[in-house]
Amino acid sequence: MNPHVKFSQVGHTYTSENGQAVCALKGINFNIYKNEFIAVLGPSGCGKSTLLRLLSGLYEATMGEVSIFGTKVTEPQSNTGIVFQKPTLLPWKNILQNVVFPIQHKQGRVSSKDIESAKAMLKLVGLEEFAQHMPNQLSGGMQQRVGIARALLMDPEILIMDEPFSALDALTREEMGFELLNIWRQKPKTVLFITHSISEAVLLADRVLVLSPRPASVIGEIKIDLPRPRNIDSIKTSEFSEYTDQIRQLIYRPETQTENQESDLTPTLAEQSEGSTNA
Amino acid sequence: MHKFNLSFSQLLPSLTLLALLPIWETAVYIFEIPNFLLPAPSEIMQAFLNVEWSRWSTHLWATLRVAILGFLMSLCISIPLAVIMVRSKFLAKTIYPLLVIIQSTPVVAIAPLLIVMFGAGESPRLAITCLITFFPLVVSATTGMMSTPEELIELSKSLGASPAKEIWHIRLPYAVPHIFSGMKVAITLSIIGAVVAEFVAAEQGLGYFVQFSTSYFKIPQAFAALLFLSVLSLLLFKAVQLVQYLFFRWSLQK
């Protein structure tokens, strides 16, 4: 089976504001197959966001090749939908208008069919009664669900999610994880989900890719064989904690797992996440 | 959120002013302040009534016209200018210093030169009003458009939308609350601009009338014109608020 998404020897170097060349990614190789849920896990500022922007075509890789359906990604694609870290809804539009915004923005006008599909998306994320509300009347979790509905509107084959639940409180975050699984079951998509939460990655994904600190490379790939549909009970199983332990070990001792990782670039996860911001 | 219904706390400023009037009146009376220094409110009122309404309305209209037209012209210049500066870093770097220079030059000092350049009539007055109001508008529009969340810009790019759509659908609406803050500053400045212009060269307008009255030593009359100007300025400010409330209610949140 041909992969939906293919990263081959992808590296990305960009020039920072003070003129220095920063190597964010190097030697990234992985495939994502149809309707597979991939979680990318790594410390903050390791280049996860760069990975996402390469796939969405916002950046072009400086080394190697990112391809979707065998075609090299050089510009934004119509077959990808993005959910951002913050919901970033338009405060002057109501929820329904926000969901339909991508179509309006792209094509300039909206048909009644588009409105119907936007309503269907809102129903899917459980917000059909809130169609006429304004964004500031919704909680953070609800706003992010609108963000998901907006990303799903044009029925993209690939859904890219950039730490979508990281701005939410812990309780809402867990709830949103289950909610996402529920949505994904009803609307299967090829998903690239970026996160820095180990348990979130294990709960959601079919495979978890663990990245090293910058320049990021894949230091481990763990297939999560937990049965689906997953729910609150999945978290309580011993397999679940075995997976999280396995990943945790990978993150804290990356030098034992990889060959191409320089040892001076491996501060602990805690140091990384406290000291740096997202690239 | 902003409401336009009247409550006691909203009436307080007016009540304070009303309470000040008798104090002012008695102070002038007790300390025998000559009316060329500070006329009593009753004298100002008298002076106000002595001038026929048609005369007032001519001056009022002349000032109002220049202020509003100048303000609108300024709006029409500054928003596109802000868009240009947001679109191009190069032009932002070249235009912005010029704007700062223009802003830091006292408009009052340029006014006579503008009269020479534009000749008599309304155009130099409009130019002066424009000059004095455009800076807060450009700055607020630029700041607003620049403060658009990066994610929305990426959303726009990921949809392959044109830069024009990015400006029109995302950046400009995002700038609306900022633009209104700028407009509230600019609209009061527009009255100042109109009055300054009238001081230099005009045959009508409230600014001209203040100057005319003082030169004939009709101080209460000058005060009456001054009062008119304050009320005018206040009403224009309220009008901007009303426009925001009626058409951009969402931008009053937070």
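Helices (H or I, at least four residues) and strands (E, at least two) are DSSP runs, numbered from the N terminus.

## Basis of the model

This is a predicted model, in which local features need pLDDT of at least 70, side-chain atom pairs count only at pLDDT 80 or more, and totals for chains, interfaces and linings use all residues. Residues are numbered from 1 along each chain as its sequence is written, chains are lettered from A and ligands numbered from 1 in the order in which they are written, and side-chain values use heavy atoms, with hydrogens and water left out.

## Annotated regions

UniProt positions follow the numbering used here, with feature names shortened, and annotations may be inferred rather than shown by experiment. In chain A, an unreviewed UniProt entry places "domain: ABC transporter" at residues 5–238. That stretch of chain A is 33% helix and 26% strand, with its end C-alpha atoms 32 Å apart.

For chain B, an unreviewed UniProt entry lists "domain: ABC transmembrane type-1" at residues 60–244. Residues 60–244 of chain B are 89% helix and 0% strand, and the end C-alpha atoms are separated by 25 Å. The record, again unreviewed, also gives "transmembrane region" for residues 12–31, 62–86, 98–120, 126–147, 185–202 and 222–248 of chain B. Among them, residues 12–31 of chain B are 95% helix and 0% strand, with 28 Å between the end C-alpha atoms. Residues 98–120 of chain B are 83% helix and 0% strand, and here the end C-alpha atoms are 27 Å apart.

## Chain B as a whole

Chain B contains 10 helices and 0 strands. Its C-alpha atoms fill a box of roughly 75 × 50 × 30 Å along the principal axes. Of the 254 residues in chain B, 45% are buried; buried means under 20% relative accessible area, exposed over 50%, and partly exposed in between (1.4 Å probe, protein chains only). Contact means heavy atoms within 4.5 Å. Among contacts in chain B between residues at least 6 apart in sequence, 73% join residues at least 24 apart.

The accessible surface of chain B is about 13,800 Å², and carbon and sulfur atoms account for 73% of this area. Accessible areas come from the Shrake-Rupley method with a 1.4 Å probe; for residues, only the protein chains shown count as cover. Chain B carries 15 positive and 11 negative side chains, and the centres of the two sets lie 13 Å apart. Lys and Arg count as positive and Asp and Glu as negative, while His and the chain ends are not counted. Each charge is placed at NZ of Lys, CZ of Arg, CG of Asp or CD of Glu.

## The surroundings of H4(A)

H4(A) sits in the segment before strand 1 (5–15) of chain A. Its relative accessibility is 9%, so H4(A) counts as buried. Leaving aside neighbours within four places in sequence, H4(A) is in contact with I32(A), Y33(A), K34(A), S67(A), I68(A), F69(A), E157(A) and T190(A).

The side chains of H4(A) and T190(A) make a polar contact at 2.6 Å. A polar contact is a pair of N or O atoms within 3.5 Å; within protein, one must be able to donate a hydrogen and the other to accept it, and residues adjacent in sequence count only if both atoms are side-chain atoms.

## Backbone features in loops

R228(A) and P229(A) are joined by a cis peptide bond with omega about -5°. P229(A) belongs to the loop between strand 10 (218–223) and helix 7 (232–236) of chain A.

D155(A), not a glycine, has a positive phi of about 50°. This residue, D155(A), is in the loop between helix 4 (140–152) and strand 7 (158–162) of chain A, and its 45% relative accessibility makes D155(A) partly exposed. In chain B, F217(B) also has a positive phi, near 60°, and is a residue other than glycine. F217(B) lies in the loop between helix 9 (206–215) and helix 10 (219–247) and counts as exposed because its relative accessibility is 58%.
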